[in-house]
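The notes follow in the order in which I checked things.

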Amino acid sequence: MARDYQRMGIRELREHARSTHPEHDPEAPRAFVDRILDMEAERVTWHWHENQGYQPFSSAAKMGEQPGGGTSAADPLAIAYDRGMRVHAGHEFAKQWLESARLRPRARLAVLIRAAKLYPMAAQQQALWAKSYDFIAQHLPIYSRMLQMGSLSTMGAIASVVVEEDKTGKPRRTPNPEPSEPIFKNGMAVKNAAREARVQLLLLAQI
């Protein structure tokens, strides 16, 4: 009988994903990895949405008032409760499991880009994640910030030239012997890296 892994708790699903589980089947690791990535994409993009200009306060409101004014103060406990409902223990489990996977930053970024594009975003983010993979590769710092990975855009040294002293001790500009390279040259590079990272996670999930 087929199981509904989407309704199964993430920790129980983790056990079913192990190859040693008595009721293991090939679908369990795939469901587990996709759930983990989905939850992590939700967690990091919700954090970006809530903490980068979408606070539950309004510059037009008076001190302690809700957006738009009014008489009801913004209750910190209510805000914390609301956050707890959105980012719960399952998200923390997903975060910790991904950290334990020790993906390289390039692989983690690619696989989270894929997950974020598949995850239904809030209206303010839908347009950005609906962009093509080529667009994302060309505007990578925007997306790496949204995924809480800083402004990643290049690998290696960023400067195209370096300043060195010549034989007389005078500074001169010379081409950088190790120029920077884009993390992803195009959208296909993002897709390939995401696919490879997902395979790595699938293998780890079965251990």
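I began with a term: a polar contact is a pair of N or O atoms within 3.5 Å, and within protein one must be able to donate a hydrogen and the other to accept it. The model is predicted, and I read every entry below with that in mind.

Entry one, T45. I looked up the side chain of T45 and found that it reaches the backbone oxygen of E42 at 3.5 Å. T45 is found in helix α2. Is T45 buried or exposed? I noted 2% relative accessibility for T45; buried means under 20%, so T45 counts as buried. Leaving out residues up to four places away in sequence, I listed M121, Q125, W129, M146 and L147 as the residues that T45 touches. I also checked T45 against R145: the two are 100 residues apart along the chain, and their C-alpha atoms are separated by 9.4 Å.

Entry two, the core. I counted 49 residues in the largest nonpolar core, where F32, I113, W129 and F184 touch the most other members. At least two residues of this core come from each of α1 (10–17), α2 (27–51), α4 (89–101), α5 (105–118), α7 (133–138), α8 (140–146) and α9 (187–205). Which helix gives the largest share of this core? I found that α2 does, with 9 residues.

I looked up the axes of α5 and α9, which come within 8 Å and cross at roughly 100°. Angles of 65 to 115 degrees count as roughly perpendicular, so I filed α5 as roughly perpendicular to α9. On the α5 side I listed R106, A107, A110, V111, I113 and R114, and on the α9 side A189, V190, A193, A194, A197 and R198. I sorted the residues of this contact into 9 nonpolar, no polar and 3 charged.

Conventions. Residues numbered from 1 in each chain as written. Predicted model: local features only at pLDDT ≥ 70, side-chain atom pairs only at ≥ 80, totals over all residues. Heavy atoms only, no water. Core = buried A, V, L, I, M, F, W, Y, C linked by side-chain atoms within 4.5 Å. Buried < 20%, exposed > 50% of the residue type's maximum accessible area, 1.4 Å probe, protein only. Helix = DSSP H or I, 4+ residues; strand = E, 2+ residues; numbered from the N terminus. Axes fitted to C-alpha atoms, helices over the stretch in contact; angles between N-to-C directions. Parallel < 35°, antiparallel > 145°, perpendicular 65-115°, else oblique. Contact = heavy atoms within 4.5 Å. Nonpolar A, V, L, I, M, F, W, Y, C, P; charged D, E, K, R; others polar.
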